[in-house]
Amino acid sequence: MTAAAIGPVVEQDRIYLSKADVGETEAELVLEALRSGWVAPLGPMVDRFEREVAERVGVSDAVALASGTAALHLALLHAGARPGRMVVLPSMTFVATANAVLYTGATPVFVDSRADDANVDVDLMLDAVRTLRADGADVAAAVSVDLFGRACDYTTIEAGLAELDVPLIEDAAEALGACRSGRAAGSFGESAALSFNGNKIMTTSGGGMLLSNNHSLIARARYLATQARQPAPWYEHTEMGFNYRMSNILAALGVAQLSRLDAMIARRRAIRDRYYKAFADMSGLSFLGRDSACGDHQDNCWLTCLALGPDVLTTPSDIMTQLDREGIEARHLWKPMHLQPQFRGARMFGGSVCELLFKRGLTLPSGSGLTDADIDRVIYALRNATGAES
C-alpha cells in the first residue's frame with residue numbers, strides 16, 4: 001500500500017478505536033419495543049435480555065442496569081464494602097472500578113499488573129490481602145478486571161481468596177464472550193459486572209448487567225436498583241435505593257447485539273490476526289496477551305494492544321499524534337489508578353509493571369465494523385510512525 005492509495009482523509013472515513021456495530025437486526029427489535037408501548041424502564045425486552053445473557057454466560061441470574069459501574073456498586077454493597085473496610089483491585093483499570101469502591105465509602109487498595117497481558121498479578125493480589133490482614137485492616141472484597149477482553153487467572157485467584165474468606169467480584173465489563181479454563185467471563189466470583197457502553201464488544205448505547213449464581217444477591221440488587229421500593233400499593237421506602245434499571249428500548253438493542261455477538265467477536269479476532277501478521281517482522285512491538293483463541297483460554301479481542309520495546313525510539317503519544325493526522329484513532333492503555341490525582345496517596349502493591357505498560361502501551365482500532373482496507377490503513381500508518389517504512 002502507498003500513501004497515494006490512502007488519499008485525503010475526510011471525517012466519514014475516520015477510523016475509530018471501537019465504534020458500535022449496529023444494523024438492521026437492531027433497528028427491527030428497537031422498533032418492535034417502541035411499538036409495544038414499553039418505552040419506560042423495564043418491560044419484556046429487559047426480561048428477555050437478562051435471561052439470554054445469563055444463559056450465554058452460564059449463570060442462573062442477571063439484572064440489567066443503567067451501567068457497568070452500577071453493577072459494580074451493587075456487587076460491592078452486597079459484599080459488605082463500607083467505610084472502615086478495604087477493597088483490593090488492580091491499579092490498571094478504567095476509573096469506574098475504583099469509583100464504585102468510593103461510592104460505598106470503602107478504601108481502594110491497588111495492585112500491579114502482569115507484564116504479558118496487563119491483567120492483575122493475582123499472586124500479588126493475594127499477598128496484598130494477607131498483608132492488609134496482618135496489618136489489622138478489614139478487607140471487604142477483591143475485584144478482578146478482565147482487561148481489554150481477556151479473562152485473568154481465576155484458577156489461582158478464586159482458590160486463594162476462598163481460602164482467605166474474601167469475596168471475589170469480577171469486573172468483566174470488557175470481556176463478554178471471552179472464556180478461561182472452559183468458563184465464560186462473567187461467571188467467576190461471587191458476582192460479575194458487564195458493560196454495554198457504546199465502545200464495548202456489544203452495546204445497548206449505555207447500560208450494564210450484574211450476574212451471579214446467588215439468587216438472593218440478584219434479588220437484593222434488583223430491589224436497590226429500583227429505588228428500594230417496598231411491595232406496597234403506594235411508594236414506600238425504608239432505606240436508600242438507586243435509579244439503576246435499564247430501559248426496555250435499550251434492552252431491545254442488547255437482545256439484537258447479543259444475537260450477533262459471535263460474529264462480532266470473530267471479526268475482532270480476525271483483525272487482531274491481521275495485525276499479528278503485519279507486524280511479525282518488527283521485534284520492537286509485542287502484543288499483550290496470547291493468541292486470540294488458544295485452547296480453553298479465548299479473548300474476545302475487544303481491543304488489540306501493543307507494547308513498544310526499548311528499541312522503538314518513538315512514544316505512544318507521538319504515534320497517536322501521527323495516526324490522528326491520518327484520520328486514525330488510537331489510545332494509551334489505561335492510566336494506572338495510583339498515578340491518578342484522585343487517588344494520590346492510596347496504598348499500592350508494586351507498580352512498576354503497570355507504569356511501564358502505560359508509558360509504552362498503545363491500543364489499536366479493533367471495531368468489528370472495520371474493513372480489511374481500514375486495517376491496512378492502520379498498519380501502513382503505524383509502520384510509518386514507528387520508522388518501519390521509509
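The charged end of Arg229 sits over the ring of Tyr235, 3.9 Å from its centre. The charged end of Arg14 is placed likewise over Tyr16, with 5.8 Å to the ring centre. These values come from a predicted model.

| Charged residue | Ring | Distance to ring centre |
|---|---|---|
| Arg229 | Tyr235 | 3.9 Å |
| Arg14 | Tyr16 | 5.8 Å |

The structure holds 8 aromatic pairs. One is formed by Phe49 and Phe196: their centres lie 5.2 Å apart and their planes stand at 50 degrees, so this pair is tilted. Phe49 and Phe196 link distant parts of the chain, 147 residues apart. Phe49 belongs to helix 3 (residues 44-57). Phe196 lies in the loop between strand 8 (191-195) and strand 9 (208-212). Both residues, Phe49 and Phe196, are buried.

Tyr154 and Phe188 make a stacked pair. Here the centre-to-centre distance is 4.1 Å, with 10 degrees between the planes. Tyr154 is buried, as is Phe188.

Key. Residues are numbered from 1 along each chain as its sequence is written. This is a predicted model: local features need pLDDT of at least 70, side-chain atom pairs count only at pLDDT 80 or more; totals for chains, interfaces and linings use all residues. Side-chain values use heavy atoms; hydrogens and water are left out. Rings of Phe, Tyr and Trp (its six-membered ring) pair if their centres lie within 6.5 Å; planes under 30 degrees apart count as stacked, over 60 as edge-to-face and the rest as tilted. Helices (H or I, at least four residues) and strands (E, at least two) are DSSP runs, numbered from the N terminus. Buried means under 20% relative accessible area, exposed over 50%, partly exposed in between (1.4 Å probe, protein chains only). A charge sits over a ring if NZ of Lys or CZ of Arg is within 6 Å of the ring centre and within 35 degrees of the ring normal.
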